[in-house]
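Hi,

Here is the structure I promised to pass along. Have a look at it first, and then read on for what turned up.

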Amino acid sequence: MSALKKIEQTGWLRGSSAGCRPRFRERRNCWRLVLLGPPGVGKGTQSQLLKQRLGTCHLSTGDLFRAACSRTGCNSTPAMVEAMNFMRRGELVPDSTVWDMVRERSECLQCRAGFLLDGFPRTLPQAEQLQAFLEEALLPLTAVVEYKMPLDVIIQRLSGRRVCESCNAVFHITSRPPKVEGVCNDCGGRLYQRPDDCPASISVRMEAYQKSTAPLIHYYADLGLLASIDADGTADQVFARTMGALVPRARRVNN
Ligand code: AP5
């Protein structure tokens, strides 16, 4: 894993601003994106590709909760124990816990390298809190990307997913297998299957998405920020579609 990636992850995952870096002189020229879409649609995979191309920081609330819990061993913070129990069942973590974690890291949202929010916001109250914060800080979103895909493909993706316990890189046992089974290509860390990728949790997560997160599609469409992308196809094809939708939008925002 590169030193830069490690620093950036430390900033977001541990709650310090150490990872924020003044990469661009002009704030208005950086990318501030939100990725929406059901579990397993490929948000994390696209985040890695977008981050490499755009130089933005990848801020995932799912990674944040998993990291916080593995650091504390789920023993010390009651809010984290509660969050992990929600996650294991596939339910959403309460808005107040999520916003407390994000607010503690608000410097990451103000980073001049921009940001790529993955898994946040996930409810209308979270979206409204984020919007109020960004408006007050004069940090307009560039776009909100919504990934769409049929449910049967999503289930295949989730059941074959493997994640690096050290750097969070995402693999798939057939579509993106690691070079050595069970070992991360990027950092040599151990690959594991997320506990919420079991069939019972997957169906709860899908329901939570439909009930709580899907309404954000209308919210962001009304703000004129939504770009809907077909997420079927290879990761490179989806990435090309995403860039095709984002580049003209960024030109409009920056001109
Ligand atoms: P989180 O970690 O955010 O999970 P998620 O949104 O359910 O999304 P996933 O990470 O499961 O999927 P993804 O879309 O990133 O897909 P990926 O790229 O990995 O959240 C987990 C939990 O945390 C939530 O359930 C909730 O409890 C809690 N939480 C987090 N944020 C919260 C919030 N804001 N509010 C409340 N609760 C919150 O891809 C999946 C697989 O497919 C991989 O194996 C990948 O290799 C493969 N793949 C990807 N793209 C392709 C492709 N194009 N072709 C073939 N295979 C592909």
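How far does the backbone oxygen of arginine 88 lie from a polar atom of the side chain of serine 201? The distance comes to 2.7 Å. Before you load it into anything, bear in mind that this is a predicted model.

Serine 201 sits in helix α9, which covers residues 199-213. Its relative accessible area is 4%, so serine 201 counts as buried. If you skip the neighbours within four places in sequence, serine 201 is in contact with Arg88, Arg89, Gly90, Pro195 and Asp196. Arg88 in that list is the residue whose backbone oxygen I asked about above.

Now the ligand, which I guess you'll open next. There are 33 residues around the ligand, and Thr45, Glu91, Arg122, Arg161 and Arg205 come nearest. Sorted by class, the shell around the ligand holds twelve nonpolar, twelve polar and nine charged residues. As for where the shell comes from, α2 (43-54), α3 (61-72), α8 (151-159) and β6 (170-172) each give at least two residues to it.

- glutamine 126, at 3.0 Å from a nitrogen atom of the ligand
- arginine 157, at 3.1 Å from a nitrogen atom of the ligand
- serine 175, at 2.9 Å from a nitrogen atom of the ligand

On its own the ligand would expose 1000 Å², and the protein buries 95% of that.

Threonine 123 is in the loop between β3 (115-118) and α7, while leucine 124 belongs to helix α7 itself (residues 124-136). Is each of them buried or exposed, or something in between? Threonine 123 has 9% relative accessibility, so it counts as buried. Leucine 124 comes out at 35%, so that residue counts as partly exposed.

Aspartate 95 turns up for both of them. The side chain of threonine 123 makes a polar contact with the side chain of aspartate 95, at 2.9 Å. Beyond four places in sequence, threonine 123 is in contact with Leu92, Asp95, Ser212 and Leu216. With residues up to four places away left out, leucine 124 touches Ser212, Leu216 and Tyr219.

Last, the cysteines, in case you were wondering about setting up bonds. A disulfide is a covalent bond between the sulfur atoms of two cysteines. How many disulfides does the count give? It comes to zero. Cysteine 30 is in no disulfide, and the nearest cysteine sulfur, in cysteine 111, is 7.7 Å away. With a relative accessible area of 4%, cysteine 30 is buried. For cysteine 167, the closest cysteine sulfur is that of cysteine 187, and the 3.8 Å between the sulfurs is too far for a bond, because the cut-off is 2.5 Å. Cysteine 167 is buried too, with a relative accessible area of 2%.

That's what I have for now.

Cheers

Notes
Residues numbered from 1 in each chain as written. Predicted model: local features only at pLDDT ≥ 70, side-chain atom pairs only at ≥ 80, totals over all residues. Heavy atoms only, no water. Near = heavy atom within 4 Å. Polar contact = N/O pair within 3.5 Å; in protein donor to acceptor, adjacent residues only side chain to side chain. Areas by Shrake-Rupley, 256 points an atom, 1.4 Å probe, with all protein chains shown as cover. Helix = DSSP H or I, 4+ residues; strand = E, 2+ residues; numbered from the N terminus. Nonpolar A, V, L, I, M, F, W, Y, C, P; charged D, E, K, R; others polar. Buried < 20%, exposed > 50% of the residue type's maximum accessible area, 1.4 Å probe, protein only. Contact = heavy atoms within 4.5 Å.
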